[in-house]
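Hello,

Here is the structure for your files. My notes follow below it.

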Amino acid sequence: MGTKSVDLIYLIFPKKRYNTCRVDFSTLFFHMDTHKSRIIHPLLRWALIFGLCLFGVNRVVAQQAEGEAVISQLEAGQFPLITFYLETRLADSSSLSRLSEEHISVIEDGAEPVPIESLEIFQPGFQVIVAYNIGPAMANTTQGGKSRFLAINEALLDWLGGRPDNSPDDFSLAGNTGLQSIRMESAVEFANALASYQPDFVQNQPNLTSLLQALDLSTDPNPHPLTKRTILYITPQPTAAQISAFPGMIDRAVRQNVQVNVWLVAPASAPEINAAVVEPLLELAERSGGEFFLFSGVEELPDPEDYFRDRRFLHQVQYRSAINSDGNHTIRTQINYLGVSIQSNMLQVELNVQPPNPVLIDPPLSIDRTWDLAEDPESLNLLPVQQTVSFFNEFPDGHQRELVSARLLIDDVVVAEINEAPFQSFDWDISTLDVTQDISLIVEVEDNLGLVGQTQPVLVSVSVAERPLTFWQSLLTMQMTSERWIILGSVVTTGSVLVVAIILAGRRRAYWRERSAARKLRTDPLTQPVIIRQESLRSAAIPAAQYPQVGGQNVAAWLVPLNERFEAMRQKAIPLNRSELVIGRDTHLANLVISSEAIEMLHAVLTRKADEEYWLADNHSAAGTWVNYAPLSAQGLRLQHGDLVHFAKTAYRFEIVNPPDDREARLITYNKEI
């Protein structure tokens, strides 16, 4: 049996209640041995009370003070914000309303406690079912001259009169003939129904109908999953035949988590002279978490609200999780209040947590730095001095959260960092790039869980023009240009050959105009050729001998995988000898299987037309399909020899064994709706 406590002082002085000493209610009436329950003599009961108060007060109160906490209905849909409900069972109910955020913390996977962000009091309400088992004993009068039924009904009406109009409770009434009122939301309306209930005490004989109907009704869906169910079972002494049905009903109440409070209408001597009848009712109350009360017509009826007050309030807790790994995790609460430390039950939650995924937007593949000839020749500067690198971020696990930093890495060295929103682009200082070289560019982001994600490395070709010499430098090093030699020679010969000098002067003006125009054309950044890395790869046909035959036949086109430095891995080339090549992660549906979380099950389709044209189309993938760093839509695009193709971050190059000599220039656009 479970243990239920009552006040010892209240047993001695029924008109006064003290919180001095609390003991197990069942020990006051029954002593359980291995064979049968038997009743303790009243004198032994008082001796037991006296002994417990003298020797056991401190131990019993300490056990009560610890209490317990239960968490339920955990919701992690807005991770890292997690919400759950907390029910605390402490020594006094007043402490429930005084809990605050600083008293509660959350322990995740046994780590250091995490503080909570918000705490709200919540009332889920009760489904209250009053079950009357009517019998002739109900008509017996009390000391006040009322029938026991009328005294009980008036006590219930007094309780209902004190319930607020906005109470979340609902009320039902069951009798010997079945349900009389079902789930009435108004306490006033239920009080009227209870007042109008006038059973026939002579015709009605005690049975189990009202209790069975109440247990059936308690299986109805509740408006809130945390709404609690309670039955107030008011009954005379059951018959010997009815007692045999109680074990099944007790187990049912426990399984359904229904609290049953029992009011037994019987003589005060019933526990002593008819223990076999009283014990099943006491067990029903104890095992279901309810209370037992014996009403002989003399005792003061308890206030039903005492059964609910300590269980009415829950706390809705919200906190920001520190979990930063995938898989199953444990969560429990720690309560520290008035020197008492309580840990709740442990719940398991499965979370999908992945690092953020930054994506570059139109990354620079080449940077050309030239000298600003408009400046003083003695202090020339390379232009440009800054390069914008744009990016956006996505969370593959679907849990949106804040970024705390973003870093730009050049050859694995951080050259720029952002520590506050917006995280959209870097202004990269390239003034230190003064030699021609190839560099690796990576964008790295970190979220508020400490998870770090990086883009795939992008190879950037930096071209730096040679610095022009001044006149005196060229004279000293004998590296003067032809025009400067002409100037020097004309100065030397001007005095002696005046006529020639005049003629040369005219020619020199025309010559300078032409040279100035040529220099401007040669040094203007807008007129310089841009070296495109892929052009060298497309420029010549690849001999067929470099590729093996497939099925005894030569293959006209191949899809060549590239490593991180964009070097071709021809030994792993994919022959395009079928009419349709499906690219994806599904090993059953895809012909080209790419094992990457960024690849969709069916990511893209490459189709070979009758005229040996190859068309690539994206299949509405999240990470996208890219041709020469331009996003590809579901409309598709005809591939040309040497095109750089990305499926998410996986790179390939499309190669035709015998490409045409001339290739048309084209502008790739993205039309998402087609």
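Pairing here requires at least two DSSP bridges between the strands. Strands are DSSP runs of E with at least two residues, helices runs of H or I with at least four, both numbered from the N terminus.

This is a predicted model: local features need pLDDT of at least 70, side-chain atom pairs pLDDT 80 or more, while totals for chains, interfaces and linings use all residues. Residues are numbered from 1 along each chain as its sequence is written, and side-chain values use heavy atoms, without hydrogens or water.

S9 also runs parallel to strand S10 (residues 170-175), joined by 5 bridges. Alanine 131 has alanine 174 of S10 as its bridge partner. S9, helix H6 (residues 148-161) and S10 form a right-handed β-α-β unit. Right-handed means that, with the strands pointing away from the viewer, the path from the first strand over the helix to the second runs clockwise.

Buried means under 20% relative accessible area, exposed over 50%, partly exposed in between (1.4 Å probe, protein chains only). Phe126, Val128, Val130 and Tyr132 point one way; Gln127, Ile129 and Ala131 point the other.

Elsewhere, methionine 601 sits in the loop between strands S32 (592-593) and S33 (604-608). Methionine 601 counts as partly exposed because its relative accessibility is 42%.

Best wishes
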